[in-house]
Amino acid sequence: MLLLADRGFDSNYFLEAVAATGSQFLTPCRSYRRPPVLAVLSDGSYLTQIAGLRLRVIEAEVKANGADGSTTADRYRLVAALTA
């Protein structure tokens, strides 16, 4: 099973509870959470450890162009139990 969670579901308690069910998960991290880089992977993501869990961190910038020519962008940091 794969759980896709929305913002605000990155607490250590929640991640541990989901992992204990055997499910995989993907959820955004809060911007102030900066997990340590244990190993950088070939696709630019990296492995980390949070609450005793080995996780993959994916950082991305999403840009959108409006019809009026305006541009907006934001950065996201996702944590995933999918490490391979």
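Biologist: Over how many bridges do S5 and S6 pair, and in which sense?

Modeller: S5 and S6 pair over 10 bridges, in the antiparallel sense. Keep in mind that this is a predicted model.

Biologist: Thanks! What do S5 and S6 form, and how many residues sit between them?

Modeller: They form a hairpin, with 5 residues between the two strands. Gly 69 is in the turn and has a positive phi of about 90°.

Biologist: Which C-alpha separation do you get for Val 62 and Arg 75?

Modeller: Their C-alpha atoms are separated by 6.3 Å, while the two residues are 13 apart along the chain. Val 62 lies in strand S5, which covers residues 53-65.

Biologist: And why does Val 62 count as partly exposed?

Modeller: Because its relative accessible area is 47%, and partly exposed covers the range between under 20% for buried and over 50% for exposed.

Biologist: Let's zoom out. What is the strand order in the sheet?

Modeller: The order is S1-S2-S6-S5-S4-S3, in an open sheet of 6 strands with mixed pairing. Strand S1 (2-4) and strand S3 (39-40) are the edge strands, each pairing on one side only.

Biologist: What pattern does the protein follow along the sequence?

Modeller: Read that way, the pattern is β-α-β-β-β-β-β. In total, the secondary structure comes to 1 helix and 6 strands.

Biologist: What about the overall span?

Modeller: The C-alpha trace spans about 50 × 25 × 25 Å along its principal axes. Of the 84 residues, 26% count as buried.

Biologist: Back to S6. How does strand S2 pair with S6?

Modeller: Strand S2 (residues 24-28) pairs with S6 in the antiparallel sense, over 3 bridges. Leu 26 stands opposite Ala 80 in S6, and Pro 28 stands opposite Leu 78 in S6.

Biologist: Which residue of S6 does Arg 56 stand opposite?

Modeller: Arg 56 stands opposite Ala 80. Ala 80 also has Leu 26 opposite it.

Biologist: Where is Ser 45, and is it buried or exposed?

Modeller: Ser 45 is in the loop between S3 and strand S4 (46-50). Ser 45 is buried, because its relative accessible area is 3% and buried means under 20%.

Biologist: New topic: how many aromatic pairs does a search of the whole structure find?

Modeller: The search finds 1 aromatic pair. The rings are those of Phe 9 and Phe 14, with centres 5.3 Å apart and planes at 55°.

Biologist: Why is that pair tilted?

Modeller: The planes of Phe 9 and Phe 14 are at 55°, so the pair is neither stacked, which needs under 30 degrees, nor edge-to-face, which needs over 60. Phe 9 is partly exposed at 40% relative accessible area, and Phe 14 is partly exposed at 26%.

Biologist: Last one: which residues make the nonpolar surface patch?

Modeller: Leu 2, Leu 4 and Leu 82 make it, and the patch is about 290 Å². Leu 82 is found in the segment after strand S6 (71-80).

Biologist: How exposed is Leu 82?

Modeller: Leu 82 is partly exposed, with a relative accessible area of 39%.

Technical notes: Residues numbered from 1 in each chain as written. Predicted model: local features only at pLDDT ≥ 70, side-chain atom pairs only at ≥ 80, totals over all residues. Heavy atoms only, no water. Patch = residues over 30% accessible without salt bridge, like charges linked within 9 Å, V, L, I, M, F, W, Y side chains within 5 Å. Areas by Shrake-Rupley, 256 points an atom, 1.4 Å probe, with all protein chains shown as cover. Salt bridge = Lys/Arg side-chain N within 4 Å of Asp/Glu carboxyl O. Helix = DSSP H or I, 4+ residues; strand = E, 2+ residues; numbered from the N terminus. Buried < 20%, exposed > 50% of the residue type's maximum accessible area, 1.4 Å probe, protein only. Phe/Tyr/Trp six-rings, centres within 6.5 Å; stacked < 30°, edge-to-face > 60°. Pairing = 2+ DSSP bridges.
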